[in-house]
Every structure is written in C-alpha cells, then in structure tokens.
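Please look at the structure before reading on.

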Amino acid sequence: MIKALRGMKDIIDDKFLKIFDTTREVAQNYGFSYIETPILEETRLFKRSVGESSDIVNKEMYEFIDKGGNEVCLRPEGTAGVVRSYIEHKFDRLETPKRFWYFGPMFRYERPQKGRFREFHQFGVESFKEPSVWEDINIIAMAADIFDKLGIKYTLKINSLGCSECMPKYKEKLVEFLQKHKDSLCEDCQRRIKQNPIRTLDCKLNSCQAILKEAPKITDHLCKTCQEDFEKLQKGLDNLEIKYEIDKNLVRGLDYYTKTTFEFISNEIGAQSAIAGGGRYDKLVESLGGKPTPAVGFAIGIERIMDLIKEEDKREGIYIGAMIEEAIPFIQKEAKKLRKDQKVYVEVKPKSLKAHLKAADKGKFKKALIVGEDELKKGEFFEKEL
RNA sequence: GUGGGCGUAGCUCAGUUGGUUAGAGCACCAGGUUGUGGCCCUGGGGGUCGCCGGUUCAAGUCCGGUCGUCCACCCCA
C-alpha cells in the first residue's frame, strides 16, 4: 500500500475549513489583502532571511536542484516569500503601507511528533511600511481575535529584542557574560555563544537557566525609543484588554526579528506549545534588496490549533432518499430546488424507510424526506424531523 | 540528528510457558410479521498478525534488520 510520506497528513476534517474561514474573515475585517506566493522558492531567499544559523535553514529544508539547475526549496515559512514578492512588485517604493494575509502549506524536514509535521499549514499576516508600535498591537489583536472566535484559550507572551541601535550593544554584554560562565554552560549553549548568543536565553536546561538568571536582560538594555515602544505596547494591549506576560527570555528562532516579539502559547497540546508567533522585522526588506521598510507580522500553526477546537455536533441539512428506484428522478429534481439555500444530501440507493431514517440519523441531518410508492404517486414526501 | 514506547479487523485493543480453522467491543450491512431512526436481540461481511530475514517439527508469540507511528530531546507554528 502506498502511504503518505512521513510527517505528511491528509486533511479530512471540516475544522480546517472553519479555521480558514475564520482567519480570512478576521484578516479581511482588519483590512488586509490576500496574497499567495509560490511554494517553491530559491533556496538563497531563506538563507538570507531566516538566517543560516537557524535550524530551519541549516537542517530542515527540503532542498533540491531543479531541471534548470536552480537551487530551490519548499518554503519552510511564509514571511520570506511575501517579502520577496513585496520587493519584486516594487511596493517598497510606495509610501503607503501594504498589508497581506496568507494561508498555505509549509515544509520542514523534522522528526514528527505531537503538533509537529513535515508538511503543516500556516495562516500569517505581514504589514509593511508602518513603523509604529501601534501596528504591532493591531496585529497582536488580530491574532487574539482569531483565537477568541475559535474558542481557543491561550497565553500571550511578549518581549522586545531591541533595534539595530541597542541590540548589538546588548549582545556584546551578553557574550561577555556567557564567556565568563562558559565552562558551566551546556554544549549547545557554548556553541550558541558564537553562532547566536541570544538563543542561549531560552535553553531548556535547568543548569543553564540557573546561570542565565544572572545574565543581562535585553529589556534592561533597550535604547530610549525601544524602551518607550515596549511600554506603549503594554499600554496598548491593556487598552484592548488583551492579557499578556512579559517573557524576557522570549527569543524567536528566526534571525530577522527586531523589537517586538510575541508568542501565543497553549498548554493543552504537548511540548509544542506555541500556536502562533511573530514580531517586528524592520531590517528584513532591506537585507533582501528592497528599500528600508519597517514590517511586522505573525503566523498561526493551523494543525496545532485544530486540536484545540471543540467540535460541536449539531444537526443540519436535509436527507432525501427513495424506497424504489423509480422515485430517484423525482427526488433529484426536488433536491435541486431545495439546494438553492440549504444543504441537501441525496441517497441514490433505494432502501427501506427504516434504513433511510437510520442513515439520516447517522449522517447528523436535521430532516429526512423519503419517497416511496405512495408518495411518488401523489408527488410528495414522507417527512421526518430528526 | 538523539532517546524511549508501540505496530493484530475501518477504530480501540485481547491473544496465557511458541501448538489446530486468530478473538472481543465499537463501527458497518441485513433481519426482528413487508413504511417510522437513536435502545435491544439475532445473523453477516471484513485480518498476507507492518515488511524482510532468522531460530524451530511448529512463530501473532522468540531473535535481527527495516519501515511506520507515538512521545520526549532539539527546534518551531
């Protein structure tokens, strides 16, 4: 038997559509426009944006050479492609902000486990050309709206990584601290000192965390602007009555983030607790060859929130069946009329009244319309509410 | 990439120290005086025991490998 590839799933679940509809509705209500970018992109797009030091680029991409000799890969995340498109269409030369939402599959060659697949779906938004922290609040509010609409409980964590002014200075101090305690840190963290020192902050090992407690915090080293913006962020969320926690160790795995970062966490889905993540990336457009353009965005992991949506089983639609084959044309014609404004299922296999009612019940229909010999003569239905 | 658990019917799982035609519950189909579902009763269909190899008179059961799956590490949505 041929099976789907490891870590890839067929989606046979109406919840997926429900999430799609909800995210689309909310994004459109926020004034964002739809964008769909290619699933296949040049590999260097992700190397330059996500960052070569990240695990995603390092070891999780589906890379190959196509027949034209191009180094390509299946997209491991959504932001890079949208940014590429933004620049390619010269939107970076406009003064007006552009806001996009997308929904589609992403690919990462990882070892599958709960809430982690090799093909998974993300809904995401990207807002370009708006430097204000109030925009950060807008999009956090959008994510919160989506979760509220879907009835998903979450914890929001926020942090600020600082800008190109304060971040490098902080990094120096942190590296200095880490070098001092190098011998007590785990192997991974020792490696991180050179590669990506910020990542040591969210090391899961208790031994490292004990040392890192004393480490300098980014939030204590923000420049004046970043500090003010971080305070505005908190006030803005308070104003919208969105609860949050400040997590000074919240570091995101993609290299392009600056200033505001945030994550939505759920404790009901195992170790993969992040259901959405995002933040500001003011330098990314420029580093991919566009004009300097501030931007902020986030993405939601669809498979992860599918588990969190409770299924309501309500009856809906009409079941139509015939007890004799001669009645099939009649029910098909009637179904055509009824379907104009409601869900109508036609059973084309003739069977007993009892069997039809049973099937209609199992199918969670609200009403059953059955036609037998008598009904066909009169041109009417045997009707039953379920 | 590392570690651990698990692969028997569509689903959840039994299967005793290796021993005849491999079981249960749920689901499915058909009946229960020919046209009233959910409950109940009866009957029925359905499994190359993940795959390959080995040990043995004999393997679902033991051994090795492989693939898959789940959980965790790692990483992230």
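The model is predicted. F100 is part of strand β5, which covers residues 98–107. Is F100 buried or exposed? F100 counts as buried because 23 C-beta neighbours lie inside 10 Å, and the cut-off for a buried residue is 20 or more. Y86 is 14 residues away from F100 along the chain, and 9.6 Å separate the C-alpha atoms of the two.

**The sheet of 8 strands**

Strand β5 belongs to an open sheet of 8 strands with mixed pairing, in the order β1-β5-β6-β11-β10-β9-β7-β8. The edges are formed by β1 (33–34) and β8 (245–246); each has a single partner strand, so one side of each has no neighbour in the sheet. Helix α5, residues 133–150, packs on this sheet and touches β6, β9 (258–265), β10 (274–280) and β11. The direction of α5 makes about 15° with that of β11.

Strands of a sheet pair through backbone hydrogen bonds, and the pairing is either parallel or antiparallel. Strands β6 and β11 run antiparallel and are joined by 7 bridges.

Another open sheet has 3 strands in the order β2-β4-β3, with antiparallel pairing. At its edges stand β2 (40–42) and β3 (63–65), each with a single partner strand, so one side of each is left without a neighbour in the sheet. Direction ignored, neighbouring strands here are turned by 35° against each other on average. Strands β3 and β4 are joined by 3 bridges, and I65 has E71 in β4 as its bridge partner.

| Strand pair | Residues | Bridges | Direction |
|---|---|---|---|
| β6 and β11 | β6: residues 119–128; β11: residues 295–301 | 7 bridges | antiparallel |
| β3 and β4 | β4: residues 71–74 | 3 bridges | antiparallel |

**Domains**

How is chain A divided by the domain assignment? The assignment gives domain 1, made of 14–165 + 223–306, and domain 2, made of 318–385. The centres of domain 1 and domain 2, taken over C-alpha atoms, are separated by 48 Å.

Key. Residues are numbered from 1 along each chain as its sequence is written. Chains are lettered from A and ligands numbered from 1 in the order in which they are written. This is a predicted model: local features need pLDDT of at least 70, side-chain atom pairs count only at pLDDT 80 or more; totals for chains, interfaces and linings use all residues. Helices (H or I, at least four residues) and strands (E, at least two) are DSSP runs, numbered from the N terminus. A residue is buried if 20 or more other C-beta atoms lie within 10 Å of its own, exposed if 12 or fewer, and partly exposed in between; C-beta atoms are placed from the backbone. Two strands pair if DSSP finds at least two bridges between them. Two residues are in contact if their C-beta atoms, placed from the backbone, lie within 7 Å. Axes are lines fitted to C-alpha atoms, for helices over the stretch in contact, and angles run from 0 to 180 degrees between N-to-C directions. Domain bounds come from an automatic or database domain assignment.
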